[in-house]
Amino acid sequence: KDRDFCLVSETNLHINGHFIGKSKNQGLKRDFTWVQSIGVQFDSHKLYLGANKVAKWDDARDELSLLLDDQPIVLQPGRGADWESASAPGLKISRLQDANSVTVEVAESFVITARVVPITAEESRIHKYEITEDDCFAHLELNFKFFALSPQVTGVLGQTYSAGFKSPVKVGVAMPIMGGEDKFAASDLFSADCKVARFAGRAIESVAGHNFPEVACGSGSAAGRGIVCRK
């Protein structure tokens, strides 16, 4: 918890995630963690998507923060509202619901679906998160779709698209762990300084047009002991 990790790294695309969480309960070996925000670097731009800190959750209140190059993005309320960037051609953000759910698209590069959700009292009871009334740990549920990746792509998620990748995860165990903290840790949300970073803000020799599978990351019941991502 309270750390940043590289999710995807290419020469023209770098995505870090900031994790929040609760300290491990007695008898558990690891913290409970959720993705509070992501920092997306593409070409020469920096895009921030993050969940605000919230005490009491209200579905009607928008708790999603969006910034492009450190400037707030003003997305009009209401399902279907769109925003297109004048400074970053091809960047489009659209609301999927009246609040807390958007798609972010950079043409011919990626689509990210982000939804802000809280930890509910029932989830806290079932998984023994011990969530208190001062913070419902609002976080992001994410879906990634990529349209151009090279065989050298890396990052916690990116490596799963690389040529010859073999998962180290033991699927049958109660708490499957991918590992790689030493390779993927970053100094902050917009630092491409993890050991395996490839970002250089320039075009790549990608496999354009390939049908890359989507990746969904969330904290549903199966993710009771951490974040789970599935293709």
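User: Which strand does Phe 32 lie in?
Analyst: Heads-up: this is a predicted model, where local features need pLDDT of at least 70, side-chain atom pairs count only at pLDDT 80 or more, and totals for chains, interfaces and linings use all residues. Residues are numbered from 1 along each chain as its sequence is written, and side-chain values use heavy atoms, with hydrogens and water left out. Strands here are DSSP runs of E, at least two residues, and helices are runs of H or I, at least four, numbered from the N terminus. Phe 32 sits in residues 32-42, strand β3.

User: Is Phe 32 buried or exposed?
Analyst: Buried means under 20% relative accessible area, exposed over 50%, and partly exposed in between (1.4 Å probe, protein chains only). Phe 32 has a relative accessible area of 3%, so Phe 32 is buried.

User: Which residue forms a salt bridge with Arg 3?
Analyst: A salt bridge puts a side-chain nitrogen of Lys or Arg within 4 Å of a carboxyl oxygen of Asp or Glu. For Arg 3, the closest N and O atoms are 2.4 Å apart. Arg 3 is in strand β1 (residues 3-9), and its partner, 178 residues away, is in helix α2 (residues 181-184). That partner is Glu 181.

User: How far apart in sequence are Lys 92 and Asp 82?
Analyst: Their side chains meet in a salt bridge at 3.9 Å, N to O. Lys 92 lies in strand β8 (residues 91-95) and Asp 82 in strand β7 (residues 82-84), so the pair ties together parts separated in sequence by 10 residues.
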